Amino acid sequence: MIQAPRGTYDILPESAARNVVEEQARRKAVEERAEKILGAAGYRRIETPAFEATEVFARGVGEATDIVQKEMYTFDDGGGRSLTLRPEGTAPVCRAYLQHGMRKLALPVKLWYLSTFFRAEAPQRGRYRQFWQVGAEAIGSDKPETDAELIVLLADLLDALGVSHDRLRLSSLGTPETRAEYREELKAFLRAHEDELAEEVRNRIELNPMRAFDADDARTRAVMRDAPKLLDRLAPGDAEHFAQVRSLLDEAGISYELDPTLVRGLDYYTRTVFEFTSDELGAQSGLGGGGRYDGLIELLDGPPTPAVGWAAGVERMLLSARDLAPPAELVDLYVALAEPAGSLTAFELALEARRAGLQTQLELAGRSLKGQLKHADRIGARFVAIVGDNGHVSLKDMGSGEQRELTTSDVIPAILRGRHTQA
Ligand code: AMP
């Protein structure tokens, strides 16, 4: 049998395996809560194409990152132009911001998205090759309140979904200049300890020395404990910005851990970076994170524009969301057939009932009358209209068991009245 490609999955109306990631109703709940929480704060939804010119990511995410080096699905469009399935949302949103002249709008421009992303990673629990993220971006403000507001909004979303987030790691990466100086200092430190580092780290000293803080290797980790930390090297303006973000979070009652080794997978971050994690998730513990990316719009040929945002993994939220029981599906009316001769009447009754706003299903499987009543019961229908052969209908109230003989035209008014009295 042909299977969905490795690292992808189907979203099903209902997952037989009780696989919480696959269930449409739970995903809808994530969408609704994101819409409510972000919409209430003035964030408006955006959707960009599933693929972009490759340079959007090569420039916007950074040539040296894992994403660009080994995780992108890149292809030729047939005309010699390189396209890439989007591996993340921030660079495309900034591309759209520039393309549509959004800087003429009232700033900051606040946008959110719920979209699919693609990364050629090794699949495991919580890690897919096609996955979904909810993301939010505020473009055009350098105020620490914007950073803090966004962090609080993500915390609120996780809380609204009943997702336990054990930790919020927080740090600041300063400006590119500070980082460049710090990089040299760190590279010198790493070179001085070259013999003690894992091979992978050693090979990347020049390209991406910050990654050394991410290494799993025990000896490397021991070395890194004494490595110089960027947080201790921040320029006064950045240190002050970070202090304000922290005090706003304190004010909001959000607890966090300062983690000077927090390295995000994307190159474009400046100043604030953060990540929410959940221990319940195992190896892939990152729920969502983000930070400030004051230099990104310039990398995409725009004017200097401060901005901050985050993205959270929908699958990871679904895996740890406790309060996400899918809402019960309502069926007001099931139109059953007692005699084959009544099939046209039944068909028309179902259409009319739907137009009158009733959630209506029509018998389509040729079941016996007994089978139809059983099925109507199983799907939780409140009423069953049993259509006979000459316009006569028995309307059965499945709650009380009461059954009445009606003419076809009386069925819908009777149900609407019943609904009215119940409400
Ligand atoms: P990132 O864009 O790498 O900062 O990722 C933000 C969030 O997206 C992570 O915290 C995860 O929750 C989620 N995420 C990233 N990559 C994947 C993936 N391959 N599969 C599922 N979720 C992912």
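Reader: What ground rules apply here?

Author: The model is predicted, so local features need pLDDT of at least 70 and side-chain atom pairs count only at pLDDT 80 or more, while totals for chains, interfaces and linings use all residues. Residues are numbered from 1 along each chain as its sequence is written, and side-chain values use heavy atoms, with hydrogens and water left out.

Reader: Which residues of helix 13 are buried?

Author: Start with the general idea: an α-helix has 3.6 residues a turn, so residues three or four places apart point the same way. Helices here are DSSP runs of H or I with at least four residues, strands are E runs of at least two, and both are numbered from the N terminus. Buried means under 20% relative accessible area, exposed over 50%, and partly exposed in between (1.4 Å probe, protein chains only). In helix 13 (residues 369-378), the buried ones are Gln372, His375 and Ala376. They span an arc of only 100° around the axis, which puts them on the same side of helix 13; that arc is taken from the directions from the helix axis to the C-beta atoms.

Reader: What do those buried residues pack against?

Author: Strand 12 (331-337) and strand 14 (381-387), where contact means heavy atoms within 4.5 Å. The face turned away carries the exposed Lys370, Lys374, Asp377 and Arg378. Just after helix 13, glycine 380 has a positive phi of about 75°.

Reader: What is the strand order of the open sheet?

Author: Two strands pair if DSSP finds at least two bridges between them. The eight strands of this open sheet run in the order 1-5-6-11-10-9-7-8, with mixed pairing. Strand 1 (44-45) and strand 8 (257-258) are the edges, each pairing on one side only. Inspect strand 7 (residues 167-172) and strand 9 (residues 270-277): they pair in the antiparallel sense over six bridges. Serine 172 has threonine 272 of strand 9 as its bridge partner.

Reader: Is histidine 241 buried or exposed?

Author: Buried, with a relative accessible area of 7%. Histidine 241 sits in helix 9 (residues 236-251). Leaving aside neighbours within four places in sequence, its contacts include Asp142, Arg271, Thr272 and Arg292. Thr272 is also the bridge partner of serine 172.
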